[in-house]
Amino acid sequence: MAIFQSKISPASESFAKNRTDMVGLVEQLRAFEKRAETASEKRRQRFHERGQLTPRERVSHLLDPGMPFLELYNMTNFLVEDANPERSIPGASTICGIGFINGVRTMITANDSGINAGASTPMSVVKALGA
């Protein structure tokens, strides 16, 4: 088997710049993801008045405590319905990811009715088919 030697120098100036740039992009991605959660959470009181759990609470109760949940397709629908990057809400009104239920790795999808009253969009269908 061939042995590969990396030419990357973690002490180099270009490595530090690339790392800083990447950390900034990841923070921007997390802010976009948070935007969908925040939009959904605005309906929390309405769910609780009806004796219901929010979509994210339902997913949380379904998953094994303390086990990871890898959310997928987080940026689906971003800039599709609203071309303004300051207002566009990613996620296509659906929570989708891989988590553990009774120790079994499982694909989970949940309609997020806290966003757009749970209305399906063309991108919601794309996300569901991908899952």
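Start by selecting Asp82 and Arg87: the two form a salt bridge, with the closest N and O atoms 3.0 Å apart. A salt bridge here is a side-chain nitrogen of Lys or Arg within 4 Å of a carboxyl oxygen of Asp or Glu. Colour the pair by accessibility and Arg87 counts as exposed, at 52% relative accessibility, whereas Asp82 is partly exposed at 21%. The cut-offs: buried is under 20% relative accessible area, exposed is over 50%, and partly exposed lies in between (1.4 Å probe, protein chains only).

Before you click on, bear in mind that this is a predicted model, in which local features need pLDDT of at least 70 and side-chain atom pairs count only at pLDDT 80 or more, while totals for chains, interfaces and linings use all residues. Residues are numbered from 1 along each chain as its sequence is written, and side-chain values use heavy atoms, with hydrogens and water left out.

Side chains of opposite charge can pair when their charged atoms come close.

Next, select Arg30 and Glu33, another salt bridge, whose closest N and O atoms are 3.0 Å apart. Both residues lie in helix H1, three residues apart, or about one turn of the helix. (Helices are DSSP runs of H or I with at least four residues, strands are runs of E with at least two, and both are numbered from the N terminus.) An α-helix has 3.6 residues a turn, so residues three or four places apart point the same way.

Now pick Arg56 and Glu71, whose side chains meet in a salt bridge at 3.3 Å, N to O. Arg56 belongs to helix H3 and Glu71 to strand S1, so this pair ties together parts that are 15 residues apart in sequence. Glu71 is partly exposed, with 24% relative accessible area.

For something with three members, show Glu41, Arg44 and Glu57: they are linked in a network of salt bridges.

**Around helix H3**

Helix H3 covers residues 55-62, and its buried residues are Pro55, Glu57 and Val59. What covers those buried residues? The cover includes H1, H2, S2 and strand S3 (104-111), where contact means heavy atoms within 4.5 Å.

**The aromatic stop**

Select Phe32 and Phe78. The structure holds one aromatic pair, and these two rings make it: their centres are 4.5 Å apart and their planes stand at 45°, so the pair is tilted. For rings of Phe, Tyr and Trp (its six-membered ring), pairing needs centres within 6.5 Å; planes under 30 degrees apart are stacked, over 60 edge-to-face, and the rest tilted. The pair links distant parts of the chain, 46 residues apart: Phe32 is in helix H1 (residues 13-41), and Phe78 is in the loop between strand S1 (70-71) and strand S2 (94-101). Phe32 counts as buried at 13% relative accessibility, and Phe78 does too at 18%.

Then try Arg50 and Phe47. The charged end of Arg50 sits over the ring of Phe47, 5.4 Å from its centre. To qualify, NZ of Lys or CZ of Arg must be within 6 Å of the ring centre and within 35 degrees of the ring normal.

Ser93, placed in the loop between S1 and S2, has a positive phi near 55°. Most residues other than glycine have a negative phi, and most peptide bonds are trans. Asn77 counts as buried at 7% relative accessibility, and Ser93 counts as buried at 5%.

**Last stop: Lys42**

Finish at Lys42, in the loop between H1 and helix H2 (44-49). Is Lys42 buried or exposed? At 63% relative accessibility, Lys42 counts as exposed.
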